[in-house]
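Welcome! Have the sequence and the 3D view side by side, and let us walk through them together.

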Amino acid sequence: MSLPKRAEMLNVIETLAGRYLLGKMRAVRLSLIALLSGGHILLEDIPGLGKTTLALALSGVLGMTFGRLQCTSDLLPSDITGLSIFSREEGKFIFMQGPVFNNLVLVDEINRAMPKTQSAMLEAMEERRVTVEGVTYQLPSPFLVIATQNPVEQVGTYPLPESQLDRFLICAGIGYPPENVEKAIIKGGSIRDEIKRLTPLVSIEDILEARKAVREKVYLSDKIVDYIFTIVAATRSHPFILSGISTRGGINMADAARAHAYLEGREFVIPEDVKAVAVPTGAHRLILGPEHEALDKEELLGAVLKNIDVPIV
Amino acid sequence: MVSVRAVLDLLACVIALLGAAPLFLYLDRPPQLLFLLALVAAFFIERKVVRPLSGFLPTAISGAFFIFYALQFSRDNLAQPAVNILVILLAVRLVCERAPRNYLQVCALSLFSLAASSLFSLSASFIVYLALLILCIAASLVLLTFFTVDRDASLTLGGLRRVVATAAAMLAASLPLMLLFFLVMPRPQFPLWDLRATAADKVAGFSDRVNPGASSQVRDLRTPVLRAEGERLPQARLYWRGIVLNTLRERAWVRTEVTERHNVGSGGGAPVRQTVFPEPSANNYLIVFDVPVSVSGPRLRQDPDLVFSRRRGGGGRIRYETVSSLTDSIRVSGEIDRGFYLRIPDGLSPRILSLGRRIAEQGGSDRERLSLLEDHFASTGFRYSMRDLPGSADPIDEFLFEKKAGNCEFFASSFALLLRVSGVPSRLVAGYYGGDYNDLGGYYLVTEDMAHVWVEVYLQGSGWVRRDPSSFAVNFAGARGRGSVGLYHRLRMLSDSFNYYWNLAVITYDLDKQIRVFNKANSAVRKLSLPFWEKEFSLSLSAAVLATAAWYFIRRRRRGSREERIVRRFIRRLGRKYPREPISPSTGLNELADRFDEPAVRKFVEVYSGAVYRDRRLTDGEIAMLNGLLKRI
């Protein structure tokens, strides 16, 4: 296969999902897809299922700098971006970089932060730069944000508005691991210590090269574009859905499908790639009608997909 | 490249010719000439030597002829003026300028002309003309669609061939319909308009009056008289009985109504069964194989002297079944009216009278007198001749004692006359002698030139005995017993059997036959209890027909690219192999490969999607490979 760095990427997945993050294959893959297509990922699940562990393990094997934000209601934007501090020695203000100046940023419980802080974070995610006191600082590349949120908790939270959710390439849950896997996890105990000792498997250069390959080597046919558009259009005209997938959602879906094809070792995108990433990249962008809010967005999008003909010619 | 206009011009001439040719002989002289002239003119117009008529002139010519012939219309003369007008209109259209309207008119008028020809002749060649005409008209209609769009359109030879193929396909498609309509179209029991009776040919051979010497020459016509289906019989016994002439009035033998009421019967002999299809003729007498025993057919009349006739005249073809006896005598129970059959006119020549009396004196009985007369005929050395016949005031006398040459009328009437003079009851029978056996159709063809007259002599104890005095002619075998062979004869027989079947199947297809066909079909449907294998056969046949239709529609609907066809085949194949797992259109190919974990399926999907999702056409090698993989699924 002429897809560069694919073996390394697969190795990352294998190592993480097979040795450390048991039963989290899907989440790991989606994280890598987000990494490869230059998006961010929102892990939405109840606490204690390994969201943070996943982020930590990823940062460990990817050889990227890691920053962590534990969101609380009093977290200020400057706590994320950093701030200027007067240096006595030098007699001037020096910009102290915040945790966002890292390749991999874990934003834990993002919905606990104030909207003001959220929006500062999301702006950084989208623009990949931070402007503090009139000076713009470029964020490092690659830049991957892994945000987590607890959907059940309601008190003292500021749920992300839909416009903010749209900034995340992928939104996925982790889910409980299968019974035997969970038993093994319980038996093995916490692996936080092991994760700390993880050595990087790939370099930043490798990741950048892989991203380039995804962007340039994987061919996206017009048929697939049509297929993606049909999905997007179907969500817009669906009676249960108030507002469907945005154009950005369509772009993200195509990018994610490319990354999926890359991981599968194909130089072209097939409808199955789209299908595999459609729900993680699309479901969280849907805004349901008031009377259908109780519906599961992922299931709804899955049902929409089942009614769309796959282009086979 | 061929100019459409040139082809249309040629087709117009051919169409006009096909339409008018069957009618040509029945036309008056001026339309005949005008039509030929128009054909020649059309040729020169096409060569651009002459300019076509345009404007008011053609309408004026047509109008003038129309008025002229319209004045000739009468109740008895309907067809003749009509066909003349038709052909003149056709001729005028041929020399008119070439507009689509004129081409269409030529087509229509030709069809009418051909249809009109059936008023005069019911020959089987009609179907040939019709088929050719429809072919040509279909071709010109197709070409006309080009012509109306572009007057100077031209076609390649291949295109022309396609046009002809289209026309042929139209003809082929219309044939089954024609057959169906022929079978089911309602038809009356009698012809609606019987023009045949007025237009019938003048009978030249057979007539109900034998008048030797009336003309010095007899025409030799090969027109068919009848066709009799039956087995082959000895050539020398082929006497076809028509009419009995029992009275000699002046010099002509005529028929007077027979009043005698006694039973007659054939004198034994092997029975001969025949089905006779006579050609339409002006007289009502039915020709039957001598000696008839019984005749069955519609509305028949039988005279005691075994002359059969139709009660009502009228055209139309009929058929009748006859049973005859292969013998030469008619047995009579009871006594005949001797005086009636001995009546002779006054003013016979002394030579005839003396010859008759001499025979009467020498012979003691009727039988002896007959043999004496036969001896006289045999020893005199008469010659059979069709030309230079005796034609003086007393032709019988001239025949007997001077020329000693004549046709059957002279032989028979002189023989019968001499018998009557010598006191032996006798009469003339007019009919036909001979017949060409058609091995193909298994029937005898009797033509007008076989018309013949012979004598029946009444002998006590034997009844009426047939005697053919012509057979005493020294050259009789050569003159009458022609054994025609050779290619021409065989071709004639072939075309005649074609005509025969045409009459059998088409011309005589009337209401009776129609009802019979429907009844047969009805009972066949009711009795439809096929044996097992036949049921299976018909089931599979109808399944095959359905499948063909379905296949055709699927192909029409699915006529896509090669990729489309092959992937549809792939999905159909999987659907057939795994009928329990329906394949929804929202399932991707890779999902199928995962679902049906088969190496061939996987390989197919890999190769196929590798091309299709890269927006690349499949190469020929890939197509072959995929087809190979499809076979393994």
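Helix α2 of chain B runs over residues 29-46, which makes 18 residues. From its first C-alpha to its last it reaches 26 Å, close to the 26 Å expected at 1.5 Å a residue; the expected span is 1.5 Å times one less than the number of residues. Helices here are DSSP runs of H or I with at least four residues, strands are runs of E with at least two, and both are numbered from the N terminus.

This is a predicted model, in which local features need pLDDT of at least 70 and side-chain atom pairs count only at pLDDT 80 or more, while totals for chains, interfaces and linings use all residues. Residues are numbered from 1 along each chain as its sequence is written, chains are lettered from A and ligands numbered from 1 in the order in which they are written, and side-chain values use heavy atoms, with hydrogens and water left out.

- Which residues of α2(B) are buried? They are P31(B), Q32(B), F35(B), A38(B), L39(B), A42(B) and I45(B), where buried means under 20% relative accessible area, exposed means over 50%, and partly exposed lies in between (1.4 Å probe, protein chains only).
- Seen down the axis of α2(B), these buried residues fall within an arc of 155 degrees, so they line one face of the helix. The arc is that of the directions from the helix axis to the C-beta atoms.
- On the face of α2(B) turned away from the buried side you will find the exposed residues R29(B), L33(B) and L37(B).
- The cover over the buried residues of α2(B) includes α1 (4-20), α3 (56-70) and α4 (79-94) of chain B; contact means heavy atoms within 4.5 Å.
- Just after α2(B), look for K48(B), which takes a positive phi of about 65 degrees.

**Helix α18 of chain B**

- Helix α18 of chain B covers residues 562-577, has 16 residues, and reaches 22 Å from its first C-alpha to its last, close to the 22 Å expected at 1.5 Å a residue.
- The buried residues in α18(B) are E563(B), I566(B), V567(B), F570(B) and L574(B).
- These residues cover an arc of only 95 degrees around the axis, which puts them on the same side of α18(B).
- Among the elements that cover the buried residues of α18(B) are α19 (589-595), α20 (599-612) and α21 (620-632) of chain B.

- The size of an interface is often given as the accessible area lost when the parts come together.
- Chain A and chain B bury about 1600 Å² between them, with 56% of it on carbon and sulfur atoms; buried area is the accessible area (1.4 Å probe) that two parts lose on being put together, summed over both.
- F268(A), I312(A) and V313(A) supply 37% of the area that chain A buries against chain B, more than any other three residues.
- How many residues does each chain bring to the contact? Chain A gives 21 residues and chain B gives 18 residues.
- The rule finds 3 salt bridges across this interface, a salt bridge being a side-chain nitrogen of Lys or Arg within 4 Å of a carboxyl oxygen of Asp or Glu.
- D615(B) forms a salt bridge with K223(A), and their closest N and O atoms are 3.4 Å apart.

**Salt bridges elsewhere**

- Over all chains, a search of the whole structure finds 36 salt bridges.
- R266(A) pairs with D273(A) in a salt bridge, the closest N and O atoms being 2.6 Å apart. R266(A) counts as buried at 14% relative accessibility, and D273(A) is buried with a relative accessible area of 0%.
- R255(B) forms a salt bridge with D303(B), with 2.7 Å between the closest N and O atoms. The pair links distant parts of the chain, 48 residues apart: R255(B) is in the loop between β6 (252-254) and β7 (264-266) of chain B, and D303(B) is in the loop between β12 (300-302) and β13 (308-310) of chain B. R255(B) and D303(B) are buried.
- R602(B) forms a salt bridge with D597(B), the closest N and O atoms being 3.3 Å apart. Here R602(B) counts as partly exposed at 34% relative accessibility, and D597(B) is exposed at 60% relative accessible area.
- A network of salt bridges links R241(B), D290(B), R427(B), E456(B) and R466(B).
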